[in-house]
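Keep the viewer open as you read.

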Amino acid sequence: MRPGPPSLRSSSWRFGLFTLLYLYQGVVAGFALTALANHFAAAGTSATDIGRHLAIVGLPWVLQPLLWGPVIDRASPYSMGPRRYWLVLSLAFAQACLASLLLLGEAPSLTTVSAVLFLHSMAASLADTATDRMIADSVPDDELGRTSAGTRAGFVIGSAAGAAIFAWLLAGKGLPVAAGVLCALTTSLALTAILVRETPGDRFLSPHRAASTRAPGRGRASEMISFARRLLAAFRTRDATILLTMCFAIDFGLALFQVPFTVALVQVHGWTAGDLSRLQAGLALLGGTLGAAGLGAAVDRVGPRRALRTLLFACAVALGAAGALIGAGLEATAGPFIIGLTSVVPALLYVALLPTVLLASRAGHASATQFQVYMAAMNLGDVVGSALAGTLAAVMAPTLVAFGVAILFLVCTRSVPTPGHRPASANGLQRPMLGRRSLRGTDTSEG
């Protein structure tokens with residue numbers, strides 16, 4: 001009997017597809033948020049302008065649940081798969097945006113580059129929503145830790161490779177060559193979305209819709225009203241409010257410290273953009289591969305809540321130690337150690353945070369949008385923190401910023417809510433109870 005085509009029914013194809021899609025996100029992030037930011041910092045761009053660039057590129061990820069959550073949760077059936085249709089379409093547009101970087105010349109302004117990458121983020125955030133929904137629909141509960149570790153490893157490996165490769169290319173070859181290499185790398189990764197189907201019976205490629213499943217007599221307006229009510233109901237609980245606030249606070253605090261600290265290393269302490277990018281890449285690689293792999297198995301064993309509390313406390317200790325080193329006047333000499341403390345430990349934190357968020361989203365009736373609201377809260381924290389980081393650094397010593405962020409993580413440690421109940425299936429495996437709906441992430445996840 002011949003095996004069917006690659007699909008999400010297979011655990012290995014699931015793991016491979018989701019890891020590669022997050023690898024795609026990481027490569028672009030390494031280019032746009034690390035190598036490019038450091039490149040402009042070395043050219044004299046202020047921390048405020050670089051923070052603005054990071055905020056612009058991150059804005060679509062904040063708007064993601066409003067823009068794309070309802071699209072994916074209420075997706076019409078397509079013969080190539082209701083989520084895969086949007087995944088392939090959005091990745092095609094995202095690649096067109098990256099290709100347009102080739103047209104900007106050798107020395108475009110940061111504002112122009114930010115605008116192009118904003119459009120890419122619009123498309124990539126739709127692809128991420130479709131991916132996360134596919135994760136929620138297809139991954140059993142007892143594989144969530146490993147899947148989270150795989151997607152996290154994919155993202156950080158991509159970020160590390162993107163930061164290292166493009167730091168070298170931007171310095172030695174210029175933006176057009178770097179953009180060409182970026183397009184080649186990301187296109188090869190995006191093609192995996194065409195290879196793996198949601199179910200074996202889906203068409204390989206087709207723009208046509210399958211038969212409609214809308215209930216007779218129900219219009220789009222009534223469906224939207226019902227959807228909005230279900231979504232609001234999902235966030236009325238105390239635990240949902242705490243988790244939403246925590247998602248914002250984590251990335252907000254990290255951005256407040258990390259943005260001005262890395263800019264100061266280049267502009268004050270004489271680091272080169274390439275050296276900084278390579279260090280950040282190496283540390284991300286360490287945390288996202290060996291660290292994430294070990295932690296993913298631990299999360300499945302001890303549960304997301306216990307792992308999340310432990311890592312939030314570890315982040316508080318890391319930020320406190322960074323503040324102490326800076327206060328002792330060791331900011332320049334201990335720079336690599338400080339970056340390691342404040343990047344590797346938070347990278348591991350996300351491996352425990354994403355299963356917690358996914359379980360909370362599965363308890364509701366609009367899972368893709370619920371999950372994206374949590375992820376958007378994280379992205380909003382990053383955007384707001386990046387936008388305010390330069391201003392705060394001008395009026396507050398970095399030691400105080402580090403200690404303040406450490407206190408924020410301690411508060412989060414004491415506030416971790418209990419994840420949603422895990423329903424057990426008859427055969428002992430715990431499956432998503434989503435009625436074939438789904439979810440950094442959902443039917444995806446994200447990253």
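Start where H1 passes H5 in a left-handed crossing; the term applies if the near helix is turned anticlockwise from the far one by less than a right angle, while clockwise is right-handed. This is a predicted model, in which local features need pLDDT of at least 70 and side-chain atom pairs count only at pLDDT 80 or more, while totals for chains, interfaces and linings use all residues. Residues are numbered from 1 along each chain as its sequence is written, and side-chain values use heavy atoms, with hydrogens and water left out.

Helices here are DSSP runs (H or I, at least four residues), numbered from the N terminus. Two packed helices are described by the angle between their axes and the distance between the axes. For H1 (residues 11-42) and H5, the angle is about 160 degrees and the axes are 11 Å apart. That makes H1 roughly antiparallel to H5, a label for angles over 145 degrees. The axes are lines fitted to C-alpha atoms over the stretch in contact, with angles from 0 to 180 degrees between N-to-C directions.

Which residues of H1 and H5 meet? On the H1 side they include Leu17, Phe18, Tyr24 and Phe40, and on the H5 side Leu117, His120, Asp128 and Ile135 are among them. By class, the contact of H1 with H5 has 14 nonpolar, four polar and three charged residues. In this scheme Ala, Val, Leu, Ile, Met, Phe, Trp, Tyr, Cys and Pro count as nonpolar, Asp, Glu, Lys and Arg as charged, and the others, Gly among them, as polar.

H5 (residues 110-138) also packs with H4 (residues 82-100): their axes come within 8 Å and cross at roughly 155 degrees. H4 and H5 are therefore roughly antiparallel to each other, and their crossing is left-handed. The contact of H4 with H5 has 16 nonpolar, four polar and four charged residues.

Now zoom in on two residues of H5. Ser121 lies in this helix and counts as buried because its relative accessibility is 3%; buried means under 20% relative accessible area, exposed over 50%, and partly exposed in between (1.4 Å probe, protein chains only). Leaving aside neighbours within four places in sequence, Ser121 is in contact (heavy atoms within 4.5 Å) with Val57, Pro60 and Trp61. A polar atom of the Ser121 side chain lies 2.8 Å from the backbone oxygen of Val57. Ala124, also found in H5, is buried with a relative accessible area of 5%. Beyond its neighbours within four places in sequence, Ala124 is in contact with Trp61 and Ala94.

Where does Glu198 sit? Its place is in the loop between helix H8 (192-195) and helix H9 (220-234). Glu198 counts as buried, at 12% relative accessibility. Its side chain reaches the backbone nitrogen of Arg83 at 2.8 Å, and a polar atom of that side chain lies 2.8 Å from the backbone nitrogen of Arg84. Glu198 and Arg84 are 114 residues apart in sequence, yet 6.9 Å apart in space, C-alpha to C-alpha.

Finish at Gln280 in helix H11 (residues 273-302). At 22% relative accessibility, Gln280 counts as partly exposed. Setting aside neighbours within four places in sequence, Gln280 is in contact with Thr34, Asn38, Thr262 and Ile339. The C-alpha atoms of Gln280 and Ile339, 59 residues apart along the chain, are separated by 7.5 Å.

Terms used. Angles under 35 degrees count as roughly parallel, over 145 as roughly antiparallel, 65 to 115 as roughly perpendicular and the rest as oblique. A polar contact is a pair of N or O atoms within 3.5 Å; within protein, one must be able to donate a hydrogen and the other to accept it, and residues adjacent in sequence count only if both atoms are side-chain atoms.
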